[in-house]
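Please find below a note for a colleague who is meeting this structure for the first time. It is arranged as numbered points that can be read alongside the sequence and the model.

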Amino acid sequence: VILTAIIYFSLIFVAAVMATPEELASNYNVFIDHALFPPLVLAGLLGATLSSALGSFVGAPRILLALGEKQILPKSEVIAKISNRGEPVNAMIITAVIVLLGISLRDLNTIAPLLTMFFMITYAMVNVVALIEQSLGLPSYRPSLKIPIIVPLIGAFGSITVMFIMNAFVALISLILIIAFYFYLVRKQIHSAAGDSRSGLFTALAEWSTKKTTELNPKREARSWRPDLLIPVLYPKDIRSSFKLIESIVYPKGSIKLVSILNEDVTEQQRLAEFLPTVASKFKEINIPVSNTTVDNFNFNNSLNVTMQALNAAFFKPNTLFTTIETTNTATDRYDTLIEDAIRNRYGLLYYIPFSTASLAIEKNISLWIVDLPTNWDGAYNLGNNDLAILLSIIINKNWNGTINVNIVGNGNETVVSDTTIFKDMVRFPAETTVNLMNGSLKELIPTEKNSDLNIISIPAGLSTKEMMEIVNRSRISCLFCIDSGYENALV
């Protein structure tokens, strides 16, 4: 490497001494014209050209063969075919055709800039890979030749810079082609047996971001809140009846963690074990991040309590517990206890109680019920236990392309919201949202709403699961009951 570098740099100085810049740029035979013995230069040119041609003729078909073996190119099975002697015959024929087409242009300088660009991109990517792998500091990257991290950094930057110095337009076209080919490869979802450095890169970036976020503020920021659901599953029907609503809550930026809780019915256990991967794949098809696991415990409340406590140690954890309750469910005590557990572990809580015959109707109109709003909500930027319900109504409404009807229940206190326009503007509801001030009991007021496809209700203190079911049955409309975690804020 050192000897080759000396020769190349020496040639630069020799060329600078023997000819003017104009002559160097216009005369391709400048070294022959100024040589003491021109035939010697011609012999060197022929030798270099022949060796490069032979190297390319041997190497290029085998690179094409490797691309075919990895199923990267169209008709890869044809390209990857080899002869009885182990030679890539089809790849050699394809290479020869490409070379003949290039020669037929009668001016190799036409394609020389493009070929040079791909060489430079190759050099740049070798340096980028070395830079990334070295920066991650993973044990899997242990090269026999260790170099300072500044070397691949300069190499990558220098290669890209030289591309634009040579020909900015061709460099831009080359980069566009490379990016297009990259996305083509991503869509093919090719998995390498040696692993993928991208996952390590994204993991390292996530760890770095987590550390920086923790340094800035150990608590989770309200501005970065999004619905990350923890969903306990006892039976497949728990997800089937709420699949569309869950999609409307988490799409497009939320996530889902499914937790299978064992029940004593072995048949149901087997059905659930087969069902969860299927439903997870359905969420993935609509680009919703989802993962699933099983808690080996038969006690519903203990399983969820331990799960929430364990996940609290993680930075990227679910922030909202979601569960579906049928109006015929008699085990309401477990859900009353779950409210206490969710509040203690600082999780938001969503109880979806579908009305048996109506479900979500046509998914258009949403009625949002706000209760126990603090008197100084605007000055303190505190909406009480109403932030989660408000945020979810906005998200669901966006996915439904519907309308929101906000009902602020005052319980006789008419001074909580003196101007509904100010309330609407501060929360930043959609323009077509209507805001109403209502006084009375939540249980009495909700059944009066007849035009809603979904009621979203902030759970007031002391409301039991059994009373929630009664509200659903009386209103004959499916309801989503909400409790804040304390990390949401609909005013920021």
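This is a predicted model: local features need pLDDT of at least 70, side-chain atom pairs count only at pLDDT 80 or more; totals for chains, interfaces and linings use all residues.

1. The chain holds 20 helices and ten strands, and buried residues account for 37% of its 492 residues.

2. On overall dimensions, the C-alpha trace spans about 105 × 55 × 40 Å along its principal axes. The radius of gyration of the chain is 33 Å, whereas a compact globule of 492 residues would have one near 23 Å.

3. Which share of the contacts between residues at least 6 apart in sequence joins residues at least 24 apart? In this chain that share is 76%.

4. As for the surface, the chain exposes about 28,900 Å², and carbon and sulfur atoms supply 62% of that area.

5. The interior deserves a careful look, since in soluble globular proteins nonpolar side chains tend to be buried together. Here the largest nonpolar core has 53 residues, and those with the most contacts inside it are Ile 249, Phe 322, Phe 423 and Leu 480. Helix α17, which covers residues 387-400, gives the most to this core, with eight residues. A second, separate core is made of 35 residues, including Leu 234, Phe 355, Ile 471 and Ile 483.

6. Once its neighbours within four places in sequence are left aside, Ile 249 is in contact with Pro 227, Leu 229, Phe 322, Leu 350, Leu 392, Ile 395, Ile 396 and Leu 480. Two of these partners, Phe 322 and Leu 480, are also listed among the residues with the most contacts inside the core.

7. How many of the eight residues of α12 are buried? Seven of them are, and the helix is accordingly described as mostly covered. The buried residues are Phe 243, Leu 245, Ile 246, Glu 247, Ser 248, Ile 249 and Val 250, a list that takes in Glu 247 and Ser 248 as well as Ile 249.

8. The loop between α12 (243-250) and β2 (255-261) contains Pro 252.

9. Lys 75, in the loop between α4 (38-69) and α5 (76-79), has a positive phi of about 55°, and Lys 75 is exposed, with a relative accessible area of 60%. Arg 346, in the loop between α15 (332-344) and β5 (348-353), has a positive phi of about 60°, and Arg 346 is partly exposed, with a relative accessible area of 37%.

10. Is Ile 353 buried or exposed? Ile 353, which is found in strand β5, has a relative accessible area of 0% and is therefore buried, the cut-off being under 20%. Not counting residues up to four places away in sequence, Ile 353 touches Ile 325, Thr 327, Met 468, Met 469, Val 472, Ser 478, Cys 479 and Phe 481. Ile 353 and Ile 477 are 124 residues apart in sequence, yet their C-alpha atoms are 9.1 Å apart in space.

11. Phe 118 is found in helix α7, residues 112-136, and is partly exposed, with a relative accessible area of 29%. With its neighbours within four places in sequence left aside, Phe 118 is in contact with Ser 174, Leu 177 and Ile 178. From Phe 118 to Ile 178 there are 60 residues in sequence, while the C-alpha to C-alpha distance is 8.7 Å.

12. Lastly, Ser 441 is found in the loop between β8 (434-438) and α19 (442-445), where Ser 441 is partly exposed, with a relative accessible area of 29%. The C-alpha atoms of Ser 441 and Val 371 are separated by 9.9 Å, although the two residues are 70 apart along the chain.

Methods: Residues are numbered from 1 along each chain as its sequence is written. Side-chain values use heavy atoms; hydrogens and water are left out. Helices (H or I, at least four residues) and strands (E, at least two) are DSSP runs, numbered from the N terminus. The radius of gyration is taken over C-alpha atoms; the globule rule is 2.2 Å times the number of residues to the power 0.38. Buried means under 20% relative accessible area, exposed over 50%, partly exposed in between (1.4 Å probe, protein chains only). Contact means heavy atoms within 4.5 Å. Accessible areas come from the Shrake-Rupley method with a 1.4 Å probe; for residues, only the protein chains shown count as cover. A nonpolar core is a set of buried Ala, Val, Leu, Ile, Met, Phe, Trp, Tyr and Cys residues joined through side-chain atoms within 4.5 Å.
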